[in-house]
Amino acid sequence: MAGMMVAPVVFLDPTMMLGILLYAFAGALMGGIDNPAGAVLGGFSVGVLENLAGAYVVGTELKLTVALAIIIGVLVVRPSGLFGRVVFSRV
């Protein structure tokens with residue numbers, strides 16, 4: 001009910017939290033999806049890397065692409081994350 005009443009004031013839209021969701025996913029993926037402590041450390045490192053790259057490399061307009069590059073880099077190099085464990089299964 002409160003969301004319906006505040007919607008005309010703040011102009012809510014479905015993609016409002018998309019940037020924050022992308023940063024959270026990059027942090028959790030970097031630290032390891034199955035490791036909560038690694039996800040916190042990954043979130044901290046994503047924040048530091050994003051601010052450094054935004055200041056010195058890509059500029060403030062393209063800071064969201066740094067998170068996308070981190071996601072792609074982690075999935076290519078180590079899909080389980082930095083502190084994730086790799087599960088092997090035999091058939």
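Trainee: How do you know that the span of helix 2 agrees with its number of residues?

Mentor: This is a predicted model, and the check is made on its atoms. Helix 2 has 14 residues, which at 1.5 Å a residue should span 20 Å. The expected span is 1.5 Å times one less than the number of residues. The end C-alpha atoms of helix 2 are 20 Å apart, so the two values agree.

Trainee: Which residues of helix 2 are buried, and what covers them?

Mentor: The buried residues are Leu22, Ala26, Gly27, Leu29, Met30 and Gly31. Their cover includes helix 3 and helix 4. After helix 2 comes Gly32, with a positive phi near 120°.

Trainee: What makes the set with Leu22 and Val74 a nonpolar core?

Mentor: The term requires buried residues of nonpolar kinds, joined through side-chain atoms within 4.5 Å. The largest such core has 11 residues, among them Leu22, Ala26, Leu29, Met30, Val46, Ala53 and Val74. Two or more residues come from each of helix 2 (18-31), helix 3 (36-56) and helix 4 (63-77). Helix 4 gives the most, with 5 residues. In soluble globular proteins, nonpolar side chains tend to be buried together.

Trainee: What is Val74 in contact with, leaving aside its neighbours within four places in sequence?

Mentor: Val74 is in contact with Leu29, Met30, Pro79 and Gly81. Leu29 and Met30 are also members of the core.

Trainee: Why is Glu50 called buried?

Mentor: Buried means under 20% relative accessible area. Glu50 has 10%, so Glu50 counts as buried. The residue is in helix 3, and its contacts beyond four places in sequence are Tyr23, Lys63 and Val66.

Trainee: Why is the pair of Glu50 and Lys63 called a salt bridge?

Mentor: The cut-off is 4 Å between a side-chain nitrogen of Lys or Arg and a carboxyl oxygen of Asp or Glu. For Glu50 and Lys63 the N to O distance is 3.5 Å, so the pair meets the 4 Å limit. The pair links distant parts of the chain, with Glu50 in helix 3 and Lys63 in helix 4, 13 residues apart. A search of the whole structure finds 1 salt bridge. Side chains of opposite charge can pair when their charged atoms come close.

Trainee: Why is Leu64 called partly exposed?

Mentor: Leu64 has a relative accessible area of 38%, so the term applies. Leu64 is found in helix 4 and touches Gly19, Leu22 and Tyr23, not counting residues up to four places away in sequence. Leu64 and Gly19 are 45 residues apart in sequence, while their C-alpha atoms are 7.0 Å apart in space.

Key:
Residues numbered from 1 in each chain as written. Predicted model: local features only at pLDDT ≥ 70, side-chain atom pairs only at ≥ 80, totals over all residues. Heavy atoms only, no water. Buried < 20%, exposed > 50% of the residue type's maximum accessible area, 1.4 Å probe, protein only. Helix = DSSP H or I, 4+ residues; strand = E, 2+ residues; numbered from the N terminus. Contact = heavy atoms within 4.5 Å.
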